[in-house]
Structure formats: C-alpha cells, structure tokens
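Colleague: I have a model open and would like to go through it with you. Can we start with the sheet and work outwards?

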Amino acid sequence: MHLFAQKPLKYLILCIFLIFASSTYCSDTNNDTGTNTTQNDEINDIHMLLTYSILYKTWQGSDPSRVVGKNIGALLVNPKKDTILEFNRNAHASTHNVTQHAESRLIQGYLAKYECEDLTDYIIYASLEPCAMCGGMMTVSKIKETIYGETDPYGGKSLERLSLDSSELPDGYKPYPDVTISKASNCIIRKELDEAQKQSGVFIYEFLMTEKAKEIYKKAYNTFINYEVKYRKNQNIYNNAKNFLEQELENYYRVHEELR
C-alpha cells in the first residue's frame, strides 16, 4: 500500500509544513546578499544595502566642482525599535574640513539636532570601516556596534586597537573601556568591494571614486530595490528602508540642487 495511504495525516502535515516553509523563505540567490541565516542577519543586510544605495544615487564623480565629499556614508539605527534615524555622508570637499567624515557628521549632527547626551545601544552601518577619529567618537557616544560595508586596509581596525590590552608589556596599557564593537558586514557586496579594491592597487579613497566601485554600488542598489525578504517579520523594516531612501534622496537634492 502507498505510504500516503498508510499515514495520511502525517504526510498531510508534512506537505503543509513544506508549503509554508517555501512561502516564508526566499532563495538567498534571489537577493544575492550573502549569508543572512538569521532574522537579525537579514536586518543587517537591509540596512547595509540601504547605505550603499543612498551613496550610489548620490555618487560623487571626478568633477571637483560637483563633489560634496568622498563616496562614504553612515546610517544610524535604533535596533530596539527597528527605526532608521539618520544618514550622513563624507563632506570634506564642500566644508573644506578634513574632519567631516560620514560617521562624525552623523553622530554630532544627531546629538545636536535632538539634544541627546549619547547614543547608547544604537548601531551605525558605515560603508567603510571607521577610522581612528570616528571609532573614538562612536565609543565616547556609546554606540553599541558598527557594521561596515568595506574594509579599510590602511586606516581600519581602529576599534580593535582601542580594545587591545598591552598591559603585560613594558609601559603597556589596559584597553579603553566600553569600546564600540566593530563587525564586517556579511553582505556579498562587501566582499566584492574588498576584492576589487585589492586588485586595483590604489588607495581606498581613490578606489571609491572609480567606475568599478560605482558598478558594485549599482549592483547593491539593484539588489536593494528588488529585495524579497526572507523573514516575514522583516517586511516592515524593508518597507521603511525603501521609504527612507526616497526621503533621503529628496533631502539631498533639495540641498544640492546643482548636483541633480
């Protein structure tokens, strides 16, 4: 006798489970983001793709009269409320100030705007691994962690250096207290950017002005706007991220009408 006939209820339950599972989880290949194996991994992917996408749609070219700054941006998120709070980008050119990095502008701008004392437990998604200045500012403002979308082979690992315990060495030091956690994004875009920069052989900031970098950022943007959530609970987070992209672009070109 056929197995289904022998145990109809068991196989009916199995069929229902398989149908439900296939509708709940989309293929990783469809999104092409990497290894978002948990709901939180997917949230990180969505926010990282959003960061790439804003930069792609406001890409800084080679014309110095049309450049605000380097193609580097940072996104502030409150993970407890799944809320995207603010975005800012590097603006060293328009401000004529080398300290105007994306993360520093993001932190100082948000604190001033909302008169906050610190940013306890918030997360910053940075398109590039933070430098020493930005890593220090994250730590002082009590950012919980930062997730970066490209490795900086020259000025990176700043937060790891703050965490280094050299007290057993002569004239060594204890690690700085409560350092912000720094993590590389699992998104495949980060891996492509790292590999392309390595192959280019040029300095990281120069690479981020190249057509190859723009091509990878375009891929990130296309992935973002065509994204299909793997975990249903993340649908609202993705919808909010798409809305934030539209609002951010509108705000950017309202300020920089000449760059439209």
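Modeller: One term to begin with: two strands pair if DSSP finds at least two bridges between them. On that basis E3 (residues 123-126) and E4 (residues 145-148) pair, with 4 bridges joining them in the parallel sense. Bear in mind that this is a predicted model.

Colleague: Which residue in E4 is the bridge partner of Ala126?

Modeller: Tyr148 is the partner of Ala126 there.

Colleague: What is the strand order in the whole sheet?

Modeller: The order is E2-E1-E3-E4-E5, an open sheet of 5 strands with mixed pairing. At the edges are E2 (83-89) and E5 (181-184), each of which pairs on one side only. From one strand to the next the twist averages 20°.

Colleague: And what else is in the protein, besides strands?

Modeller: There are 12 helices along with the 5 strands. The protein has 260 residues, and 45% of them count as buried. Of the contacts with a separation of 6 or more, 62% are between residues 24 or more positions apart.

Colleague: Back to E1. How many of its residues are buried?

Modeller: 6 of the 6, so E1 is largely enclosed by the rest of the structure. Gly73, Leu75 and Val77 are buried on one side, and Ala74, Leu76 and Asn78 are buried on the other.

Colleague: How does E1 pair with E2, parallel or antiparallel?

Modeller: Antiparallel, over 6 bridges. Ala74 stands opposite Asn88 in E2. The hairpin of these two strands has 4 residues between them, and Asp82 in that hairpin takes a positive phi near 50°.

Colleague: What about E1 and E3, parallel or antiparallel?

Modeller: E1 and E3 run antiparallel and are joined by 4 bridges. Ala74 comes up again here, standing opposite Ala126 in E3.

Colleague: Which helix lies across E1?

Modeller: H4 does, and H4 also lies across E2, E3 and E4. The angle between H4 and E1 is about 145°.

Colleague: Let's talk about the core. Which residues have the most contacts inside the largest nonpolar one?

Modeller: Leu50, Tyr52, Leu76 and Ile124, in a core of 56 residues. H4 supplies the largest share of this core, 9 residues. In soluble globular proteins, nonpolar side chains tend to be buried together.

Colleague: What does Leu76 touch?

Modeller: Leaving out residues up to four places away in sequence, Leu76 touches Thr83, Ile84, Leu85 and Glu86, among others. Its contacts also include Leu106, Tyr110, Ile124 and Ile143.

Colleague: Different topic. Where is Asn71, and is it buried or exposed?

Modeller: Asn71 is in the loop between H4 (39-57) and E1 (73-78). Asn71 is buried, with a relative accessible area of 0%.

Colleague: What does the Asn71 side chain reach?

Modeller: The backbone nitrogen of Gln60 at 2.8 Å, and the backbone oxygen of Leu208, also at 2.8 Å. Not counting residues up to four places away in sequence, Asn71 touches several others, including Trp59, Arg89, Ser127 and Tyr217.

Colleague: Now H7. Which of its residues are buried?

Modeller: In H7 (residues 132-140), Cys134, Gly135, Met138 and Thr139 are buried. Viewed down the axis of H7, the buried residues fall within an arc of 140°, so they line one face of the helix. An α-helix has 3.6 residues a turn, so residues three or four places apart point the same way.

Colleague: What is on the other side of H7, and what covers the buried residues?

Modeller: Ala132 and Val140 are on the other side and are exposed. The cover over the buried residues includes H6 (102-114), E3, E4 and H8 (158-163). Lys142 follows H7 and has a positive phi, near 70°.

Colleague: Last one: Arg190. Buried or exposed?

Modeller: Buried, since its relative accessible area is 14% and the cut-off for buried is under 20%. Arg190 lies in H9 (residues 188-200).

Conventions
Residues numbered from 1 in each chain as written. Predicted model: local features only at pLDDT ≥ 70, side-chain atom pairs only at ≥ 80, totals over all residues. Heavy atoms only, no water. Buried < 20%, exposed > 50% of the residue type's maximum accessible area, 1.4 Å probe, protein only. Polar contact = N/O pair within 3.5 Å; in protein donor to acceptor, adjacent residues only side chain to side chain. Contact = heavy atoms within 4.5 Å. Axes fitted to C-alpha atoms, helices over the stretch in contact; angles between N-to-C directions. Core = buried A, V, L, I, M, F, W, Y, C linked by side-chain atoms within 4.5 Å. Arc of directions from axis to C-beta.
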